[in-house]
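Please look over the structure below.

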Amino acid sequence: MSALADAIRQARTRTDLGPSSPFAGLRRRHARTVDVVAQSVAATAPAGVLLIHPAAAYARSGSFAFLDIAITITLVVGVALVIGMFARRVASTGSLYTFAARGLGTHVGLVTGTALGIGYLAVAMNTLSSGASRVAQLMTGSSEPPASLMCALMVGFGAVIAFVVARGLRMSTRILLVLESVAVVTVLGLSIAALSLTRWDLGLLVPHPSDFSLEAIITGVAFALIGFVGFESGAALGPETRRPFAAVPRAILVSVGATGVVMLVGTAAQLSIVADRPGAASLSAVTGLASLIDAIVAVSFLACALAMTNAAARLAFAMSREGLLPTMFGRASWRGVPALGGILLAALVTVVPVTVIALSGSRQALRLITSPASIIGFVLAYALVCAAAPVFLARIGELTLRTALLCTLPFTGLTGVLGFYLAATLRDNPIGLLWAAGVLAAFVVAGAVRLARHPSVAARIGVHDWPVDSDCIDGPVRG
């Protein structure tokens, strides 16, 4: 036996750290880096986004669409680096909510958590309805399937999401990894084949000065951000991950890098097609594989709905343990997961779009609200975390000029994007913007009232995981 193994065998458990952490009940320290990567990648739904967004981005920004993607990736990498500053020091299921609270206090944390939660749920609703719609189109062979069939499929898929979320973390992340990997590989193959149709003429991606419009470019960046939101959701798995301070920052950067490369290749392929053949604005039109592409989009979006619900359940778990949400969201099942909270949120993600589509007969009414809610929620949360990071680092004596600059650049970009997006949405979709802003304001006000009435709740905001007695040893017993 080695000296290290012998020392560990003779060691005794620490008794001064406490028997449990604030997240007692969760199955701590069992997930691996691959689980965090799977969660983050599935939440961005790269395969589904690649098959839908490029043509829409071209319609918004013309030949500047590829530049929009490049700017967006740079912005997202900056945000990922800022999140890594927190993730190397703090592990919490609250992720950005906890990070913002640690930096800028309880009320900014409340705004960040509310915005992030609304973003998660809005994207989950939209992707669940979109995935169900694609499956319904495949079943009926019609581009406008009956609303009753879409609703029935959403109920079925929502039940599956609830089951998987309640079953356990590793089951959900491994399912996500398999589904999204197959979808991404297929899309990349189609994209490379599409590039060959244009003879790899990347000159088609060069912006034309006549297409330049600052508003169109910034609005295009805001639209492109939809393809990356959710990448931070892996941070919510910190307390459940082995070596979280190393695994989580690494996994987030890996997921952002991998998604960025996939998006660049796939977007280049499809934008080349659009620029070369304006009448054939999609891979399905060029390849004739419409059914396969619909199936890939459905799989990718349903995996995204699962990932977003998973992340929302962890966020609600943290907010419940602190006293902001009902205790039912903070209960952990015998499997060590917030099963009840996950089931309730999966039900919400299912019931809202089913109700809207049953009443309106189409997904358009749902998208009018979920689109602004998702962009506003995520961009606001990212911007507040970037603002909180230098304050947090200064408080612990670790702020440097480099880290301050690294936080300032994405914060400036995000606030500019948010401002332009709000102005454009107020003009084009005022009802959806008012709904999104109203829901956000209502939850923030309700939370602020609770904080004011219960100082003990305010004192717990920003709680994070910490070592307990069973995590550490105290050295060999000496006689």
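This is a predicted model. In its nonpolar surface patch, the largest share comes from helix H16, with four residues. Helix H16 spans 430-453, and helix H14 spans 364-395; each of the two gives the patch at least two residues. The patch is made by Leu368, Ile369, Ile431, Trp435, Val439 and Phe443. Its area is about 570 Å².

Take Ile431 from this patch. Ile431 sits in helix H16. Its relative accessibility is 56%, so Ile431 counts as exposed, the cut-off being over 50%.

**Inside the protein**

The largest nonpolar core has 119 residues. Which two of them touch the most other members? They are Phe231 and Leu414. Helix H12, residues 290-322, gives the largest share of this core, with 18 residues. There is also a second, separate core of seven residues. Among its members are Ala31, Val41, Leu237 and Ala251.

Leaving aside residues up to four places away in sequence, Leu414 touches Leu75, Val79, Leu225, Val379, Tyr382, Ala383 and Cys386.

Helix H12 also holds Asn310. Is Asn310 buried or exposed? Its relative accessibility is 1%, so Asn310 counts as buried; the limit for that is under 20%. The side chain of Asn310 makes a polar contact of 2.7 Å with the side chain of Arg314. Asn310 also touches Gln39, Val165, Leu169 and Ser172, again not counting residues up to four places away in sequence.

**An exposed residue on another helix**

Leu359 lies in helix H13, which covers residues 339-360. With a relative accessible area of 75%, Leu359 is exposed, because the cut-off is over 50%. How far apart are the C-alpha atoms of Leu359 and Ala147? They are separated by 9.3 Å. Along the chain, these two residues are 212 residues apart.

| Residue | Relative accessibility | Class |
|---|---|---|
| Ile431 | 56% | exposed |
| Asn310 | 1% | buried |
| Leu359 | 75% | exposed |

To recap, find Ile431 in helix H16, Asn310 in helix H12 and Leu359 in helix H13. Then find Phe231 and Leu414 in the largest nonpolar core.

Key: Residues numbered from 1 in each chain as written. Predicted model: local features only at pLDDT ≥ 70, side-chain atom pairs only at ≥ 80, totals over all residues. Heavy atoms only, no water. Patch = residues over 30% accessible without salt bridge, like charges linked within 9 Å, V, L, I, M, F, W, Y side chains within 5 Å. Areas by Shrake-Rupley, 256 points an atom, 1.4 Å probe, with all protein chains shown as cover. Salt bridge = Lys/Arg side-chain N within 4 Å of Asp/Glu carboxyl O. Buried < 20%, exposed > 50% of the residue type's maximum accessible area, 1.4 Å probe, protein only. Core = buried A, V, L, I, M, F, W, Y, C linked by side-chain atoms within 4.5 Å. Contact = heavy atoms within 4.5 Å. Polar contact = N/O pair within 3.5 Å; in protein donor to acceptor, adjacent residues only side chain to side chain.
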